[in-house]
Amino acid sequence: MQLDRLDISILRQLQENASVSIQELGSRVGLSATPCWRRVKRLQKEGFIRKQVALLDAQLLELKVNVFVHVKLKAHSDEVLKKFEESVATIPEVVECYSVSGDTDFLLRIVVADVATYETLLYKKLIQLREVGTLNSMFALRQVKYTTELPITSGPTPR
């Protein structure tokens with residue numbers, strides 16, 4: 001599906017504040033409420049809007065430590081990869097997991113309260129995963145930039 005300028009404008013506005021009313025959203029993008037609502041529903045149905053969430057403040061929740069973990073697996077069969085991905089999906093502290101190129105197989109972002117909590121997670125969960133060969137942990141010193149907003153410049157090209 002080709003996105004037009006109104007669709008892109010709606011997506012940008014919703015990325016900035018998903019709790020805005022349909023009336024306000026329509027006003028911001030130059031539509032009345034009903035056509036704006038229809039477009040939002042279509043964007044949801046077609047998967048451009050996966051879900052709407054509240055972004056929480058990790059510092060206020062005392063989740064102050066971000067750990068980036070490079071994971072190298074023991075083997076690379078489809079079964080091993082699938083099992084690792086399924087296992088990681090069940091660990092709430094793992095907030096992001098990427099299959100990556102290079103010297104490691106996966107990059108995890110883990111959010112915890114402190115280093116001691118990470119150490120417990122490391123020994124009780126991560127190194128217990130049979131598929132894991134090696135783990136290399138890096139602790140973020142400070143967050144320089146963080147955003148959930150995607151850099152939308154235009155819509156997808158028609159197929």
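**Close-up 1. Strand 2 and strand 3 pair up as an antiparallel hairpin.** In this predicted model, strand 2 (residues 94–99) runs antiparallel to strand 3 (residues 106–112), and five bridges join the two. Strands here are DSSP runs of E with at least two residues, helices are runs of H or I with at least four, and both are numbered from the N terminus; two strands pair if DSSP finds at least two bridges between them. Look for Tyr-98, whose bridge partner in strand 3 is Leu-107. Six residues sit between the strands of the hairpin, and Gly-102 in the turn has a positive phi of about 110°.

A word on ground rules: this is a predicted model, with local features needing pLDDT of at least 70, side-chain atom pairs counting only at pLDDT 80 or more, and totals for chains, interfaces and linings using all residues. Residues are numbered from 1 along each chain as its sequence is written, and side-chain values use heavy atoms, leaving out hydrogens and water.

**Close-up 2. Helix 1 crosses helix 3.** The axes of helix 1 (residues 5–16) and helix 3 (residues 33–45) come within 11 Å and cross at roughly 80°, so the two helices are roughly perpendicular (65 to 115 degrees). Axes are lines fitted to C-alpha atoms over the stretch in contact, with angles from 0 to 180 degrees between N-to-C directions. Helix 1 brings Leu-6, Asp-7, Ile-10, Leu-11 and Leu-14 to the contact, and helix 3 brings Cys-36, Arg-39, Val-40, Arg-42 and Leu-43 (contact means heavy atoms within 4.5 Å).

**Close-up 3. Two cysteines, Cys-36 and Cys-97.** Cys-36 is buried at 0% relative accessibility, while Cys-97 is partly exposed at 33%. Buried means under 20% relative accessible area, exposed over 50%, and partly exposed in between, using a 1.4 Å probe and protein chains only. Searching the whole structure turns up zero disulfides (pairs of cysteine sulfur atoms within 2.5 Å).

**Close-up 4. Glu-62 has a positive phi.** Most residues other than glycine have a negative phi. Glu-62 isn't a glycine, yet its phi is positive, at about 60°. You'll find Glu-62 in the loop between helix 3 and strand 1 (65–73), where this residue is exposed, with a relative accessible area of 53%.

**Close-up 5. Ser-87 is a buried residue in helix 4.** Helix 4 covers residues 78–89, and Ser-87 has 12% relative accessibility. Setting aside neighbours within four places in sequence, Ser-87 touches Leu-129 and Glu-131.

Technical notes: Angles under 35 degrees count as roughly parallel, over 145 as roughly antiparallel, 65 to 115 as roughly perpendicular and the rest as oblique.
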